[in-house]
Amino acid sequence: MIDKKTHRLIRKEIYIVAVLFFGLFIAMIIYYCNYLENDSKDFIYNAYNSRFSVFSDDVVRGNIYTADGKVIAKTVYDKDDNEVRTYPDERLFCHAVGYVGQGMAGLEAQYSFDLLKSNIPLEDQINNNLSGNKSPGDSLYTTFDYDTQMAAFEGLGMFDGAVIAIEPDTGRIVAMVSKPDYDPNTISKYWDDITDSTKNKSSLLNRATLGAYPPGSTFKIVTTIAFLRANDGDDTFSYNCNGKYDVDDYTIHCSGNKKHGKEDLLKAFSNSCNSAYAYIGMELDRDKYIGTTEDLLFNKELPTLLESTKKSSFKIDSSTKDSIVAQTAIGQGNTTVSPLHMCMIASAIANDGVLMEPYLADKLVSADGQLVSQTEPVEYGQLVSKEESKLLQSYMAAVVEEGTAEKVDFGDELTVYGKTGTAEYTENKNITHSWFVGYAVDDNGNKLAIAVIMESAGYGSKYAAPLAAKVFEAYFQ
Ligand SMILES: [Zn+2]
């Protein structure tokens, strides 16, 4: 028989235990919600988590889309119900979007946490979790325009090289292609082959952002700006081209040994006259020349929202041989650039000198359609002055109207500004990279800047400029 006193004591103990359990339950709920909201990032990024952020136990990795809503990376299930990351367009977006499988690369790596985070309502997440289902992760919308990317990809064809196209007034990258490429769907299967250095294909390298190319005559844009700065913005210049320029024991030839005759600066630019620009290079104060190139972001980290880019290199000093300086002024010598950097320079010129920082990731959206975060365009500032950009605009227009790109069909709808380049890169001067750097404007004032390089293709006017025309057509149609 339990007396009343003992009975009260037991009831009190049950009460305390119940309160303790209730408190514990509340604490667990708070911890769980806190985990979903905050700490899952640390967990996903924890190196001790062996599945290191490729797949999650709670969330199905979200999709990646183009700006116009085409899915370019998604998670599907194989016959054994395992999650498999797939890329419907195979190689088309490989360098930018990257892969999961052999570790991660590209946007897949940069936005892995965000893709593995679900921002559907918390109660739906809890319901999914309690019923053993995964919640759908947030989706990443890129800045890519599908048709423009396709035009760049198909236009490059079998050539190695890169194409990058940027909206000058925002910095949105609408196309970015690099070849050789790979299929991210089969990255694990062919990993040994893809990374076999003896085959020297470097298929994983994104040449658009990490390539280091001789700029060829596209560098005359830079030398022109250096000339303007040396002459307080005045472009008065006169030169009589006889087809070659001798410096020390070295001779620089104009393309095809052509004698351009009497030229002002605009003519020398639109003709891409090597002799005139070699002469300009010799006349420039070297320290100021270096200063101008560094203002234009040579030897510096490029201001972008991209994960990794390559510094362009401009190296001359007081001890550099005159013949090298003369070659440097026409984009040969030891200068190297990335297509991204040349596209940024064209983009700033198109945008009256103001550079917008290039970016690829536009926004994150939850599976139920709520905006999670949005990238705001970032203004770097004035890369070149407004006056310099106006002059360069007229020079780049002359290239298309009466210069080296005169015969390229850019269509009647667009006004195109540009500079061709034919860059030597070995002792054999007959094998050259084909360059085009410039921008197009439509009747409504919409603009697109571009840099194209086709390795070993030949003349810029014959290969890279017509490819730029195809990309413009796709973008503005
Ligand atoms: Zn000439």
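Arg229 comes out as partly exposed, at 28% relative accessibility (partly exposed sits between buried, under 20% relative accessible area, and exposed, over 50%, using a 1.4 Å probe and protein chains only). Keep in mind that this is a predicted model, where local features need pLDDT of at least 70, side-chain atom pairs count only at pLDDT 80 or more, and totals for chains, interfaces and linings use all residues. Residues are numbered from 1 along each chain as its sequence is written, and side-chain values use heavy atoms, with hydrogens and water left out.

Arg229 has a salt bridge with Glu388 at 2.8 Å, N to O (a side-chain nitrogen of Lys or Arg within 4 Å of a carboxyl oxygen of Asp or Glu). Arg229 sits in helix α9 and Glu388 in helix α15 (residues 386-402), so the pair ties together parts 159 residues apart in sequence. Helices here are DSSP runs of H or I with at least four residues, strands are runs of E with at least two, and both are numbered from the N terminus. Glu388 counts as buried at 12% relative accessibility.

Asp295 also forms a salt bridge with Arg229, at 3.0 Å, N to O.

Now over to Arg61, whose side chain meets that of Glu108 in a salt bridge (2.9 Å, N to O). Arg61 is in the loop between β1 (59-60) and β2, while Glu108 is in helix α3 (residues 106-110), so the pair ties together parts 47 residues apart in sequence. Both Arg61 and Glu108 are buried.
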